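Thanks for coming. I have one structure to go through today, and I will keep to a few parts of it.

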Amino acid sequence: MNPVRFLRRIACVEGVSFLLLLGVAMPLKHLAGKPLAVKVLGWAHGLLFVVFCLALARATRAARWPLGRAALVFLAGLLPFGPFLLDGRLRTFERDVESR
């Protein structure tokens with residue numbers, strides 16, 4: 001599989017897990033007194049973020065991206081809607097790798 005395609009997919013899943021953590025689990029913990037949601041979703045999000053970072057490193061090496069591009073993708077992964085906002089660019093980068 002194209003490493004940039006895998007990065008796009010894992011970024012999307014990681015972005016969804018982050019939004020669920022912030023939008024569902026945190027309110028459940030603080031408003032309903034149910035901390036288990038944060039524990040479960042937080043653990044899953046953390047694992048997905050590690051996979052995202054590994055996929056970013058792999059895509060950066062395979063596509064020979066400049067450090068600035070890799071940093072932009074990493075920073076987008078830290079923002080709640082960042083992976084979704086960057087998806088169009090990642091799609092372009094994916095096509096660039098496939099055309100080589």
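Let me start with a term: a salt bridge here is a side-chain nitrogen of Lys or Arg within 4 Å of a carboxyl oxygen of Asp or Glu. By this rule the count comes to 5 salt bridges. A network of salt bridges links Arg5, Arg8, Asp87, Arg91, Glu94 and Glu98.

Before the details, some ground rules. What you see is a predicted model, where local features need pLDDT of at least 70 and side-chain atom pairs count only at pLDDT 80 or more, while totals for chains, interfaces and linings use all residues. Residues are numbered from 1 along each chain as its sequence is written, and side-chain values use heavy atoms, with hydrogens and water left out.

Two more terms will come up throughout. Helices (H or I, at least four residues) and strands (E, at least two) are DSSP runs, numbered from the N terminus. Buried means under 20% relative accessible area, exposed means over 50%, and partly exposed is in between, with a 1.4 Å probe and protein chains only.

Now the network, pair by pair. Arg5 and Glu98 form a salt bridge through their side chains, at 2.2 Å from N to O. Arg5 lies in helix α1 (residues 3-32) and Glu98 in helix α5 (residues 87-98), so this pair ties together parts that are 93 residues apart in sequence. Both ends are partly exposed: Arg5 has 26% relative accessibility, and Glu98 has 42%.

Next is Asp87, which forms a salt bridge with Arg8, with 2.9 Å between the closest N and O atoms. Asp87 is in helix α5 and Arg8 in helix α1, so this pair joins parts that are 79 residues apart in sequence. Arg8 is buried, at 17% relative accessible area.

Asp87 also meets Arg91 in a salt bridge, at 2.9 Å from N to O. Those two are 4 residues apart in helix α5, separated by about one helical turn. Arg91 is partly exposed, at 36% relative accessibility.

Leaving aside neighbours within four places in sequence, Asn2 is in contact with Glu94, Val97 and Glu98. The side chain of Asn2 reaches the backbone oxygen of Glu94 at 3.4 Å. Asn2 counts as buried, at 10% relative accessibility.

Moving on to helix α2. This helix covers residues 36-63, has 28 residues and reaches 40 Å from its first C-alpha to its last. That is close to the 40 Å expected at 1.5 Å a residue, where the expected span is 1.5 Å times one less than the number of residues. Among the buried residues of α2 are His45, Leu48, Phe49, Phe52 and Leu56. The buried residues of α2 pack against α1, α3 (67-78) and α5.

Just after α2 comes Arg64, with a positive phi of about 55°, although Arg64 is not a glycine. Arg64 lies in the loop between α2 and α3 and is exposed, with a relative accessible area of 66%.

One last item, on helix α1. Leu20 lies in that helix and is partly exposed, at 36% relative accessibility. Leu20 belongs to a nonpolar patch on the surface, together with Val16, Val24 and Leu28. Patches are made of residues with over 30% relative accessible area and no salt bridge, with like charges joined within 9 Å and nonpolar side chains (Val, Leu, Ile, Met, Phe, Trp, Tyr) within 5 Å. The four residues have about 270 Å² of accessible area together, by the Shrake-Rupley method with a 1.4 Å probe, where for residues only the protein chains shown count as cover.

Note on methods: Polar contact = N/O pair within 3.5 Å; in protein donor to acceptor, adjacent residues only side chain to side chain. Contact = heavy atoms within 4.5 Å.
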